[in-house]
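Thank you all for coming; please take a moment to look at the picture before I start. I will begin with a term that we need, and then walk through the model piece by piece.

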Amino acid sequence: MPNLHQIKSEQTRERLMDAALDVMQTKGLASLSMHEVARIAGMTTGAVQHHFPSKAALMLQIIERLVQQIDTDDSFWPVPHWPLQRRADHFVQQAWLRLYGQPRFAVAWEAYLAVRADAAMVAHIQAARAPINDKLLLRMLRSFPEWAGAPAAEARFQLVLSCLRGLGVLAPFSSPAAMDRQLQQLSVLLQSFSSEVTP
């Protein structure tokens, strides 16, 4: 059970992440600084740095928070007994509407790309993402039990996520109609993956 200090610390972190997203969405990544996040949140720069030592660390936490919200939201995941097409459509639509199609997703990935030359930060991001990916794969296997035991299940799931990430990054430069067509094809791909591994 968290104590009062831990609860307040987590509330402060959430407030700072919200402020960072606000800065990026209204002014762009170039305007993001610890000072600006502190100003928007009504706090000191030192308070921001206490919780997040760098912009990249802040962005990592934002993306982790978004993904964890999905992991714990049962309405996001399709029910295993639904027909395959319904499950595939539901997964792709919910993933797009709740995470990858949101403007904040593309903005947050700008920060990831900005630190790709920093080996230590890349290693930190990889380590932090690994348990999140493991959790998401387990949830996916529950929603698509056809995948259980398939040797390529994890690689196929990662491919689906990579497609969603790529669409999320390109969305600001594409028409909604183009996005819809590609999401429909991603659902078809997901269905084909599931059909191939069905005994």
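On a 1 Å grid over the protein atoms alone, a pocket is an open set of points with protein on both sides within 12 Å along at least five of seven lines, and its lining residues are those with an atom within 4 Å of a point. Please keep in mind that this is a predicted model, in which local features need pLDDT of at least 70 and side-chain atom pairs count only at pLDDT 80 or more, while totals for chains, interfaces and linings use all residues. Residues are numbered from 1 along each chain as its sequence is written, and side-chain values use heavy atoms, with hydrogens and water left out.

The largest pocket is lined by Asp89, Val92, Gln93, Trp96, Leu97, Asp180, Leu183, Gln184 and Ser187. The elements that give two or more residues to this lining are H5 and helix H9 (176-197), where a helix is a DSSP run of H or I with at least four residues, numbered from the N terminus. H5 supplies the largest share of the lining, 5 residues. The volume of the largest pocket is about 180 Å³, counted as the space filled by probe spheres set on the grid points, which are joined across faces, edges and corners.

How far can we trust the model? The pLDDT, the predictor's confidence in each residue from 0 to 100, averages 84 over the protein chain, and 92% of the residues score at least 70. Confidence is highest in helix H5 (residues 84-100), at a mean of 93, and lowest in helix H4 (residues 55-71), at 71. Where pLDDT is low, the predicted coordinates should not be read in detail.

Stepping back, the secondary structure of the protein chain comes to 9 helices and 0 strands, and its C-alpha atoms fill a box of roughly 60 × 45 × 30 Å along the principal axes. Of its 199 residues, 43% are buried, meaning under 20% relative accessible area, whereas exposed means over 50% and partly exposed lies in between, with a 1.4 Å probe and protein chains only.

Let me finish with two helices. Helix H7 (residues 119-143) bends by about 25 degrees at Arg129, with a proline, Pro131, following within four residues; the bend is the angle between axes fitted to the seven residues ending there and the seven starting there. Among the buried residues of H7 are Met121, Ile125 and Ala128. Glu110, in helix H6 (residues 103-114), is partly exposed, with a relative accessible area of 38%.

Methods:
On a 1 Å grid over the protein atoms alone, a cavity is a set of points where a 1.4 Å probe fits but cannot get out, and a pocket is an open set with protein on both sides within 12 Å along at least five of seven lines; lining residues have an atom within 4 Å of a point. The expected span of a helix is 1.5 Å times one less than its number of residues.
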